[in-house]
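This report describes selected local features of one protein model. The sequence and structure come first, and the text follows.

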Amino acid sequence: MKRRPPLPAFLEQRSSDEYAPPPRTPREERALDRLVSEGEEAARRTGRTFGAFAGSRRGTAAGLLALNAEAGREFYRVPREAALDDGAAADAFGGDETVIDVQTHFVADRPECRPWHANIRALYEAVRPGWWRGMDDLAAYDLEQYLRCVFVESETALAVLTSAPGLGPDRMLHDRELAGTRELIERLGGGGRLLNHAIVHPDVPGEIEALAEKAAQLRPVGWKVYTLGQMGPAGAKRKTGWWLDDEATGIPFLERVRASGVRRVCVHKGISSLVPTGSPRDVGPAAAAFPDLDFLIYHSGYEVPLGGVPPEGPFGEATAGDGTNRLVASLRAAGLRPGANVWAELGSTWFCLIRRPDEAAHVLGKLLLAVGEDRVLWGTDAIWYGPSQPAIDAFRAFQIPEEMRERYGYPELTPRVRAKILGENAARAYGLDLAEVRARSASDDLAWVRAAAREWQEQGVPAAR
């Protein structure tokens, strides 16, 4: 059987550590076939292999055009010549926004973490078509690959490094490693390019009492929590979950956050396999009760369309318990208006939606109406999907069609709105000087990347002392 060459990342069966890839819809299969048939001809015309074409911005353009064709309307504003000419592709996807990625990951090289590398790769191996060899050059999800995917091969000016939860030695990255990686990059000349979370398990005795000490020692910019329970390398839940507004766990945790001086609660909501406490129904009550805290809702309540999960559509009373509608409903019930203390983050959510543009329009439209254009945050969930640039390019090209804007009241994605989502809102949420972030990125020759990779190869993942 003839093998298909690699495709643009957003048309591959990729996933993160938190979910298995959903099957392609018939429309996605047709878009894929269209891309391959038209892309092979485009590659020949420019004297390149299809693999080189698919991995370039011209491949991104061709993939987005194929999605438009199968959707029957223009969600991605990409000229036809962008699939045929490097210069036209650069013009189509170019932008001067300052990109701040608030959700990035890598996996430590400790022996206990080997299952993370093996299990994440196995997810890809199990679902990839027989002709795909896109993972052959990615042996691990380590710091070296992280530096390449986030900083070298994307326009990301600043990233926030975070981790899945866990209490044992097999945790993806411990708090000292999150902070140690930032310290390493700062020491080698990349200051201002990386920030770190600290992970909190509020239902574990002693965890919330340590917040003040962690704030002083590890300098986190936010407290990352997983209300759905703790996860291991295979995604298994090892403890029951909790709620932000429950008196036994959530309220005491938020009171400690208030006292810690780091008043950002970065909470995973959605991509939960419908675990009850993975729902964002508690966000509105908690945010209303603690107006002096900022609640950054990672994934925005989105659920991957697996196991009967319905597709994203317009908000309605009958669908208020589905996907991102749960976040919208929670904020409405709590009386929280756009511009309040709740932020909606797009990590993995946007990647999953790129090839489902109808749903993408509904999700972006609903979130912009619910939290406002100043409260939607850019995140990619890197490095699970490879370099971040295709996701950035797809977002720059995306537009909610006029007929959907008129019917549902969704706003237009103007250049100003895009700039806010890609970076300005994150600067506001995390208390950053946007001009300083931009200047550091523009003047950075990335010499520290090679030095950091070399030190990691010699000494392993750094840990703060």
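Contact here means heavy atoms within 4.5 Å. The model is predicted: local features need pLDDT of at least 70, side-chain atom pairs count only at pLDDT 80 or more, and totals for chains, interfaces and linings use all residues. Residues are numbered from 1 along each chain as its sequence is written, and side-chain values use heavy atoms, with hydrogens and water left out.

**Two buried residues**

Helices (H or I, at least four residues) and strands (E, at least two) are DSSP runs, numbered from the N terminus. Buried means under 20% relative accessible area, exposed over 50%, and partly exposed in between (1.4 Å probe, protein chains only).

Glu359 is part of helix H13 (residues 357–371), whereas Ala82 sits in the loop between helix H3 (57–71) and helix H4 (86–93).

| Residue | Relative accessibility | Residues in contact |
|---|---|---|
| Ala82 | 0%, buried | Arg58, Ala61, Ala88, Ala89, Ala92 |
| Glu359 | 9%, buried | Pro311, Glu312, Leu353 |

Between Ala82 and Phe93 the C-alpha to C-alpha distance is 9.0 Å, with a separation of 11 residues in sequence.

**Helices**

Helix H14 (residues 389–397) is largely enclosed by the rest of the structure, because 8 of its 9 residues are buried. These are Gln389, Ala391, Ile392, Asp393, Ala394, Phe395, Arg396 and Ala397.

Axes are lines fitted to C-alpha atoms, for helices over the stretch in contact, and angles run from 0 to 180 degrees between N-to-C directions. The axes of helix H6 (residues 143–152) and helix H18 (residues 447–459) come within 9 Å and cross at roughly 165 degrees. H6 is therefore roughly antiparallel to H18, a term for angles over 145 degrees. On the H6 side, Leu143, Glu144, Leu147, Phe151 and Val152 make the contact; H18 contributes Trp448, Val449, Ala452, Ala453, Trp456 and Gln457. By class, the contact of H6 with H18 has 9 nonpolar, 1 polar and 1 charged residues. Ala, Val, Leu, Ile, Met, Phe, Trp, Tyr, Cys and Pro count as nonpolar, Asp, Glu, Lys and Arg as charged, and the others, Gly among them, as polar.

**Sheet**

An open sheet is formed by 6 strands in the order S4-S5-S6-S7-S8-S9, with parallel pairing. Strand S4 (198–199) and strand S9 (376–377) stand at the edges, each with a single partner strand, so one side of each has no neighbour in the sheet. Two strands pair if DSSP finds at least two bridges between them. Strand S5 (residues 223–226) runs parallel to strand S6 (residues 264–268), and 4 bridges join them. Lys224 has Cys266 as its bridge partner in S6.

Key. Parallel < 35°, antiparallel > 145°, perpendicular 65-115°, else oblique.
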